[in-house]
Structures are given as C-alpha cells and as structure tokens.
Amino acid sequence: QVQLVESGGGLVQAGGSLRLSCAASGRTFISYSSYAMGWFRQAPGKEREFVACITGSGGNMNYADSVKGRFTISRDNAKSTMYLQMNSLEPQDTALYYCAKAQTSGLPVLRRQYDYWGQGTQVTVSS
C-alpha cells in the first residue's frame, strides 16, 4: 500500500502564497522516483481537476493553464515528498487540494492515470 499525506493548506488573502507538501510512505512504495506525481483540486460543486504534475526525476513538469506562472511543483526524492508552491493566489483557487501517485512515468493529466490519492488539504483564498 501507498500512503499520501498532504499538509500546508489554510486560509490566505488574495495575492498571498501557500506551500503544500505531500509526504509518501508505504512498504510497497520502494521506488518513489520511478513514478510521476500530481496535484489535483476540487471546489464545492465541481469536478476534481488537474493542477500540476512532475516526472519521477523531477526534471519535467506540466501545469493547468489556470495556474501557469503562479504555481510551481517540485519534489525531493530523498524525502519522498512533493511540493506545490502557490503564489498570487486568487479566490477561484479555493478548493480541496489532493496529491496523487501516477501509475506510470511521464506527465499524466487524467484522474484515471493515478492510482493512489491523499485525503486532501483545504485551501481557502479570501477576496
């Protein structure tokens, strides 16, 4: 099994910043760097949507158009931890943010390409 635990969410004013973390563990998750990882978010009444993903090596990233230039995804394979630095936050960024492990390498953007999910961390941006 793989366990993913997000942290770092909170309440912030528009224009502010937050840094989310996603710590991975599990005795079967022995090759963390072999898998891409991603962030998704879900606002009330909306579908869960792709935010960003990063390859296993951390050398390549992909972002949703809505967050490009404001969010930065990164990972520390030695710590089995992924991050999402969120700057210039907007009220429409308010959502429950989930981290997920991809089934393969590459830069997957679809939910079905991910097999393990965290419980989510709430981000609320006030205007």
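Tutor: Welcome! In this structure, strands are DSSP runs of E with at least two residues, numbered from the N terminus. Please keep in mind that the model is predicted. Ask away!

Student: Thanks! In which strand is the place of Ser21?

Tutor: Strand β3 covers residues 18–25. Residue 21 falls in that run, and the place of Ser21 is in strand β3.

Student: Is Ser21 buried or exposed?

Tutor: A residue counts as buried under 20% relative accessible area. Ser21 has a relative accessible area of 18%, so Ser21 is buried.

Student: Which residues does Ser21 touch, not counting those up to four places away in sequence?

Tutor: Contact here means heavy atoms within 4.5 Å. With residues up to four places away in sequence left out, Ser21 touches Val5, Glu6, Ser7, Trp39, Thr81, Met82 and Tyr83.

Student: Which residue does a disulfide join to Cys22?

Tutor: Two cysteine sulfur atoms must be within 2.5 Å to count as a disulfide. A search of the whole structure finds one such link. Its S to S distance is 2.1 Å, and the partner of Cys22 is Cys99.

Student: How many residues apart are Cys22 and Cys99?

Tutor: This disulfide joins Cys22 to Cys99. The pair links distant parts of the chain, with Cys22 in strand β3 and Cys99 in strand β9 (residues 95–102), and the separation is 77 residues.

Student: Is the link of Cys22 and Cys99 right-handed or left-handed?

Tutor: Look at the angle about the S-S bond, which is 60 degrees for this pair. With that angle, the link of Cys22 and Cys99 is right-handed.

Student: What is the relative accessible area of Ser80?

Tutor: Ser80 is found in the loop between β7 (71–76) and β8 (81–86). Its phi is near 50 degrees, a positive value in a residue other than glycine. Ser80 is partly exposed, with a relative accessible area of 21%.

Student: And what about Ser88: what is its relative accessibility?

Tutor: Ser88 has a positive phi of about 50 degrees although it is not a glycine. Ser88 is found in the loop between β8 and β9. Ser88 counts as partly exposed, with a relative accessibility of 41%.

Student: How far apart are the closest N and O atoms of Asp65 and Lys68?

Tutor: Asp65 is exposed, with a relative accessible area of 65%, and Lys68 is partly exposed at 48%. The two form a salt bridge, and their closest N and O atoms are apart by 3.2 Å.

Student: Which residues are linked with Arg41 in a network of salt bridges?

Tutor: The structure holds seven salt bridges. In one of them, the side chains of Arg70 and Glu90 meet at 3.9 Å, N to O. Linked with Arg41 in the network are Glu49, Arg70, Glu90 and Asp93.

Definitions and conventions
Residues numbered from 1 in each chain as written. Predicted model: local features only at pLDDT ≥ 70, side-chain atom pairs only at ≥ 80, totals over all residues. Heavy atoms only, no water. Helix = DSSP H or I, 4+ residues; strand = E, 2+ residues; numbered from the N terminus. Buried < 20%, exposed > 50% of the residue type's maximum accessible area, 1.4 Å probe, protein only. Salt bridge = Lys/Arg side-chain N within 4 Å of Asp/Glu carboxyl O.
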